[in-house]
Amino acid sequence: MLTLVSGGSASGKSEYAESLVLSMGPARRLYIATMEIWDGESRRRVARHRAMRKDKGFDTLECPRGLAEQTPVPDCVALLECMSNLCANECFGPLGFEGAAERVLAGVERWNDSARGLVIVTNELFGDGIAYDPGTAQYLDVLAQVNRTIAARADRVVEVVCGLPVLWKGEAV
């Protein structure tokens, strides 16, 4: 089962996504961590997320890019946190923008084919109306393409607003 969880910054989407994974019953739980740690703020965010999932039975796979090259864990329940970081890391990493969406989507398909459940968290970055520099706009285009493709493929799509899940596709848990 593939689930996409979207929402704004600090909307509660990570906590909701973890609850979905926990609701999928006994299985190996894998947290696919995509954030590259650059500064104090990113260290604080990683520490907060680690504290949130402490004692919930997650193993962690650090994967800032190259998801398709990672060996999927058969029959696991995986939480990919988050697609926005993974896309940014692919776009601005050594391989660049060319083929970034395809690389990310290949990884999603590979993991989804192997896992019993895959929950993907992504950020809602498209409603602020700001005109961005060309590099950021290109990244947002890649992220939008990836999010649309995953949403079309997903069994369930949920947006978290102020901590409340809004179901857009599929069945509620």
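Predicted model: local features only at pLDDT ≥ 70, side-chain atom pairs only at ≥ 80, totals over all residues.
Residues are numbered from 1 along each chain as its sequence is written, and side-chain values use heavy atoms, with hydrogens and water left out. Local features need pLDDT of at least 70 and side-chain atom pairs count only at pLDDT 80 or more, whereas totals for chains, interfaces and linings use all residues.

The protein chain holds five helices and seven strands. Here helices (H or I, at least four residues) and strands (E, at least two) are DSSP runs, numbered from the N terminus. The order of elements from the N terminus is β-α-β-α-β-β-α-α-β-α-β-β. The C-alpha atoms fill a box of roughly 45 × 35 × 35 Å along the principal axes. The radius of gyration, taken over C-alpha atoms, is compared with a globule rule of 2.2 Å times the number of residues to the power 0.38. For 173 residues, a compact globule would come near 16 Å; the protein chain has 15 Å, which agrees. Of the 173 residues, 47% count as buried. Buried means under 20% relative accessible area, exposed over 50%, and partly exposed in between (1.4 Å probe, protein chains only). Contact means heavy atoms within 4.5 Å. Among contacts with a separation of 6 or more, 74% join residues 24 or more positions apart.

The seven strands form an open sheet with mixed pairing, in the order β3-β2-β4-β5-β1-β6-β7. Two strands pair if DSSP finds at least two bridges between them. β3 and β7 (164-169) stand at the edges with a single partner strand each, so one side of each lacks a neighbour in the sheet. Neighbouring strands are turned by 20 degrees against each other on average, direction ignored. Axes are lines fitted to C-alpha atoms, for helices over the stretch in contact, and angles run from 0 to 180 degrees between N-to-C directions.

Several strand pairs can be followed residue by residue. β2 and β3 run parallel and are joined by five bridges. In this pair, L30 has D59 of β3 as its bridge partner. β2 also pairs with β4 in the parallel sense, again over five bridges. There, L30 stands opposite A78 in β4. β4 and β5 are parallel too, with five bridges between them. L79 has V119 of β5 as its bridge partner.

β2 is largely enclosed by the rest of the structure, because five of its five residues are buried. Both of its faces are covered: R29, Y31 and A33 are buried on one side, L30 and I32 on the other. Together with helix α2 (residues 40-53) and β3, β2 makes a right-handed β-α-β unit. Right-handed means that, with the strands pointing away from the viewer, the path from the first strand over the helix to the second runs clockwise.

α3 touches β4 and β5, and its direction makes about 75 degrees with that of β5. α4 lies across β1, β2, β3 and β5, at about 150 degrees to β5. In α1, the buried residues are K13, S14, Y16, A17, E18, L20 and V21.

A nonpolar core is a set of buried Ala, Val, Leu, Ile, Met, Phe, Trp, Tyr and Cys residues joined through side-chain atoms within 4.5 Å. The largest one has 33 residues, and those with the most contacts inside it are I32, M83, W111, I120, V146 and I150. At least two residues of this core come from each of β1 (2-7), β2 (29-33), β4 (77-81), α3 (83-92), α4 (100-114), β5 (117-123) and α5 (134-153). Another core lies apart from it, with 16 residues, among them A17, A33, L79 and V158. Beyond its neighbours within four places in sequence, V146 is in contact with M83, C87, A101, V104 and L105.

A few backbone sites stand out. Most residues other than glycine have a negative phi, and most peptide bonds are trans. A cis peptide bond joins E81 and C82, with omega about -5 degrees. C82 is placed in the loop between β4 and α3. A10 has a positive phi, near 60 degrees. This residue sits in the loop between β1 and α1 (13-23). A10 is exposed, at 77% relative accessible area. D75 also has a positive phi, near 60 degrees. D75 lies in the loop between β3 (58-62) and β4. G25, which follows α1, has a positive phi near 80 degrees.
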